Amino acid sequence: MASSHEHKIDHLDQAYYGPPIPPAAPAAGAGVHPARRGTYALLCLAFRVLTLALIALGVVALVLWLLYQPSSLKAYVNSAQLTRFVLADNGTQLRYNLTVGVSIRNPNRKQAVVYRRLEAVALYGGEQFGYVDLPRMRQESKSTVQIRPGFRGQAALGAGAAAPAAALFGREKQEGFFGIDVKLHMRVRLKVIVVNSVEYRPDADCFIRVPDPSNATAVALGFTPTQCHVDDFS
């Protein structure tokens, strides 16, 4: 037994001629400055917190949207007045002065409406003759706002007396009422508490018949308030 123990000791004392033994790998994190490790951990924590906050905000927005699905806006033309509406230059130029009173109703109980763009366009016989850019505004829930776009100036219509708009003008001049299409182009966001929706672009189409100011009978009959067709929020 003693001789076997001495043999093992002698074997350990012999020189080693095999391949070099690689040094032991450093422990994880060894050689990294403690301050750097702390900064990296703080950035990872901040990223995780921000990600969770964005996910939570998205979930809240979705829940609010599902709970309070919006109804479309309501628009009415309450008044319309022409003080000038004549064809000149052999039926190629329309000279006009038109004022329209429009009420826009937000029927929603929870959503306010933020108008990021609001413009009014006037057309006659399918041809645009007037344009008004209206100011931005915010409309609270269950409220009505009044706008009064005014169209003044002159515009080219078609190609003379034979153009469809000019022919229509002649017929309606005899009837005493002009059929004018007023369109509202809107870019809006809905706001529930602190959450803003995506941007919507509903249009309102209002076809109105306005008395010819030179026709006393039509003026006496007056203007009939008209409801507009408004696109849904989609």
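This is a tour of a predicted model, going from its core to its strands and then to its aromatic rings.

Before selecting anything, note that residues are numbered from 1 along each chain as its sequence is written, and that side-chain values use heavy atoms, leaving out hydrogens and water. As the model is predicted, local features need pLDDT of at least 70 and side-chain atom pairs count only at pLDDT 80 or more, while totals for chains, interfaces and linings use all residues.

**The core**

Select Phe85, Tyr124, Phe129, Ile180 and Ile208. These residues have the most contacts inside the largest nonpolar core, which has 45 residues. A nonpolar core here is a set of buried Ala, Val, Leu, Ile, Met, Phe, Trp, Tyr and Cys residues joined through side-chain atoms within 4.5 Å. Buried means under 20% relative accessible area, exposed over 50%, and partly exposed in between (1.4 Å probe, protein chains only). Next, select residues 177-192, strand E8, which gives the most to this core, with seven residues. Strands (E, at least two residues) and helices (H or I, at least four) are DSSP runs numbered from the N terminus.

Now centre on Phe129. Leaving aside residues up to four places away in sequence, Phe129 touches Phe85, Leu94, Tyr96, Leu98, Ala122, Leu123, Tyr124, Ala155 and Ile180. Contact means heavy atoms within 4.5 Å.

Select residues 93-106. This is strand E2, which is largely enclosed by the rest of the structure because 11 of its 14 residues are buried.

- E1 (residues 74-88) runs antiparallel to E2, joined by 13 bridges; look for Ser79 opposite Gly101.
- E7 (residues 150-156) is also antiparallel to E2, with seven bridges; here Thr99 stands opposite Gly150.
- E6 (residues 143-147) pairs with E2 in the antiparallel sense over five bridges, and Ser143 is the bridge partner of Asn106.

Go to the turn of the hairpin formed by E1 and E2, where four residues lie between the strands and Asp89 has a positive phi of about 55°. From E1, move on to E11 (residues 226-227), an antiparallel partner of E1 over two bridges, with Val77 opposite Thr226.

**The aromatic rings**

A search of the whole structure finds nine aromatic pairs. Rings of Phe, Tyr and Trp (its six-membered ring) pair if their centres lie within 6.5 Å; planes under 30 degrees apart count as stacked, over 60 as edge-to-face and the rest as tilted.

Show Tyr96 and Phe129, an edge-to-face pair at 4.7 Å centre to centre, with 65° between the planes. Tyr96 is in E2 and Phe129 in strand E4 (residues 127-134), 33 residues apart, and the pair links distant parts of the chain. Both Tyr96 and Phe129 are buried.

Then show Phe169 and Phe178, a stacked pair at 5.0 Å centre to centre, with 20° between the planes. Phe169 is buried at a relative accessible area of 10%, and Phe178 is buried at 0%.

Finally, select Phe85, Tyr96, Tyr124, Phe129, Phe169 and Phe178 together: ring pairs link them into a cluster.

Methods
Two strands pair if DSSP finds at least two bridges between them.
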